[in-house]
Amino acid sequence: MNRPGAREPGLSVVRHAPVLRFDAHEPFLPRALGYAIHEADGASASADHPVVLNGAARAIEFAIWWDWDIQHLYELEHVWVYVDDDDAVVRVEASAHGTSGEMWRDRRQLPVENGRIVLYSEPGKHAFAADPALLRANLAVTTHCCRDAAGAGEILVPGFLNDQLGDLTLYDRHLARKYLRSLAFKPAFRFDTAFDLRDVPAMPWQDLHASIPGRMRAELAWLRRQAKGVKAVLLDSGDTLIDETSQVFTEDGVVLHANPIPGGDRLVVELKRRGYLVALVADGRVQSFKNVHRALGFWDLFDARVISEQMGRRKPDPSMFEAAAAAMGLTAEDYGGCVMVGNNLARDVAGANRLGMRSVWINWGDNYPKTPTCGYEIPEFEIRLPHEVLDILDRIEGRVPPE
């Protein structure tokens, strides 16, 4: 005889929703639970996994949603609970990094405590194990993912979401990376936090599946609302990174090669190392910049390049700055977080100031006037060498007190 309610899907889902044990330093806990009931062999509803009853009466599939993995936005892991006609657990399977397997403890004991399925979740990454010793065995790799590689994946977009999330921008990815880096942690490998999946909203898998794009967009919208400080760094080239007096031209006016001003060849590298979005906004020929910047090793590091030859306009035309911001996914609301660095008061400083961007004048060389002719040409900051930009960015970010 069946236990009362054994074939009531809602009761069975609630009864067998697992308890998950998390690392003491875990920053992310599940946010939603999708379920499906299988009464015959077939494909998993939510993962690339075969559901094989092998004598069980049915399988309850749990798709567990986190908004974040320590390396990326989007996280879904799975548990399959196989039960007999009396709704007693006979087998448990769970996922780990796109694979899956049976969950057993020593001596082929089911991972059940006080009548509840209990699984352990990998710190930051959330792969499942029935025994924490299996997770500790991967300590070095997990610690690397949670510390040095935090945010490395930015935003994970599975194939089925391409149509709904194909418009994600560089800035979206930048925000995800920056947020996750801020949460980097060293796992304790003490699984002190017990989390009951009965405490999150449960819904049929189809409903959870349909909600995922909205959940991801809501997280990105939240990150945009929280974003402060520097959102992008816009750089001129001549007498900002490159010494214009060292330029060697071809007969048709293309710069063949040039030398950097002190530190100019390392600035873009350092800005990217620190996690900034960086755009080139410069007047000149595209091939000139390719020749010089490639030779110095930073042409491919720019997140966007806006060059007057391509635009058909020159600074201080606002379209030069607007195009750079737009290419990175920034809007006019974000201009106050854009920092333009250049050597020309009339072009770089005035162009940025008119749009409400932060302006940094690098006072290098004598090729252009050094006295402002109007209020827009007064820079917010003045520096002498490229590396001083880093100090300015620290001040804007509030990492050091202003002078």
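The numbered points below describe selected features of this predicted model.

1. The nonpolar cores. The largest nonpolar core has 68 residues, and those with the most contacts inside it are Phe62, Ile64, Val79, Met216 and Leu234. Strand β5, residues 58-69, gives the most to this core, with seven residues. Apart from this core lies another, of 33 residues, among them Val233, Leu235, Ile242 and Val268. In soluble globular proteins, nonpolar side chains tend to be buried together.

2. Surroundings of Phe62. Which residues does Phe62 touch, not counting residues up to four places away in sequence? Among them are Val13, His16, Ala17, Pro18, Leu33 and Gly34. Phe62 also touches Glu77, His78, Val79 and Val81.

3. Helix α7, the buried side. In helix α7 (residues 264-273), the buried residues are Gly264, Leu267, Val268, Glu270 and Leu271. Seen down the axis of α7, these buried residues fall within an arc of 165 degrees, so they line one face of the helix. An α-helix has 3.6 residues a turn, so residues three or four places apart point the same way. The buried residues of α7 pack against β15 (232-235), β18 (278-282) and α12 (388-397).

4. The face of α7 turned away from the buried side carries the exposed residues Arg266 and Arg273. Why does Arg266 count as exposed? Its relative accessible area is 55%, and the cut-off for exposed is over 50%. The C-alpha atoms of Arg266 and Pro386 are separated by 8.7 Å, although these residues are 120 residues apart along the chain. Just after α7, Gly275 takes a positive phi of about 95 degrees.

5. Helix α11. The buried residues of helix α11 (residues 345-355) are Leu345, Asp348, Val349, Ala350, Gly351, Ala352 and Asn353. The elements that cover them include α10 (318-327), β20 (338-342) and β21 (358-362). At the start of α11, a side-chain oxygen of Asn344 reaches to within 3.0 Å of the backbone nitrogen of Ala346. Just after α11, Gly356 takes a positive phi of about 85 degrees.

6. The side chain of Thr143 reaches the backbone oxygen of Leu139 at 2.8 Å. Leaving aside neighbours within four places in sequence, Thr143 is in contact with Asp148, Pro187 and Phe189.

7. Aromatic pairs. How many aromatic pairs does a search of the whole structure find? The search finds nine. Phe22 and Trp66 form an edge-to-face pair, with 6.3 Å from centre to centre and 80 degrees between the planes. This pair links distant parts of the chain, with Phe22 in strand β1 (residues 19-22) and Trp66 in strand β5, 44 residues apart. Phe22 is buried at 0% relative accessibility, and Trp66 is buried at 0% as well. Phe189 and Phe191 form an aromatic pair that is edge-to-face, at 6.4 Å centre to centre and 75 degrees between the planes. Phe189 is buried, with a relative accessible area of 6%. Ring pairs also link Phe22, Trp66, Phe128 and Phe195 into a cluster.

8. Charges over rings. The charged end of Arg91 sits over the ring of Tyr82, 3.8 Å from the ring centre. Arg305 lies over the face of Trp299, at 4.0 Å from the ring centre.

Notes
Residues are numbered from 1 along each chain as its sequence is written. This is a predicted model: local features need pLDDT of at least 70, side-chain atom pairs count only at pLDDT 80 or more; totals for chains, interfaces and linings use all residues. Side-chain values use heavy atoms; hydrogens and water are left out. Buried means under 20% relative accessible area, exposed over 50%, partly exposed in between (1.4 Å probe, protein chains only). Helices (H or I, at least four residues) and strands (E, at least two) are DSSP runs, numbered from the N terminus. The arc is that of the directions from the helix axis to the C-beta atoms. Contact means heavy atoms within 4.5 Å. A polar contact is a pair of N or O atoms within 3.5 Å; within protein, one must be able to donate a hydrogen and the other to accept it, and residues adjacent in sequence count only if both atoms are side-chain atoms. A nonpolar core is a set of buried Ala, Val, Leu, Ile, Met, Phe, Trp, Tyr and Cys residues joined through side-chain atoms within 4.5 Å. Rings of Phe, Tyr and Trp (its six-membered ring) pair if their centres lie within 6.5 Å; planes under 30 degrees apart count as stacked, over 60 as edge-to-face and the rest as tilted. A charge sits over a ring if NZ of Lys or CZ of Arg is within 6 Å of the ring centre and within 35 degrees of the ring normal.
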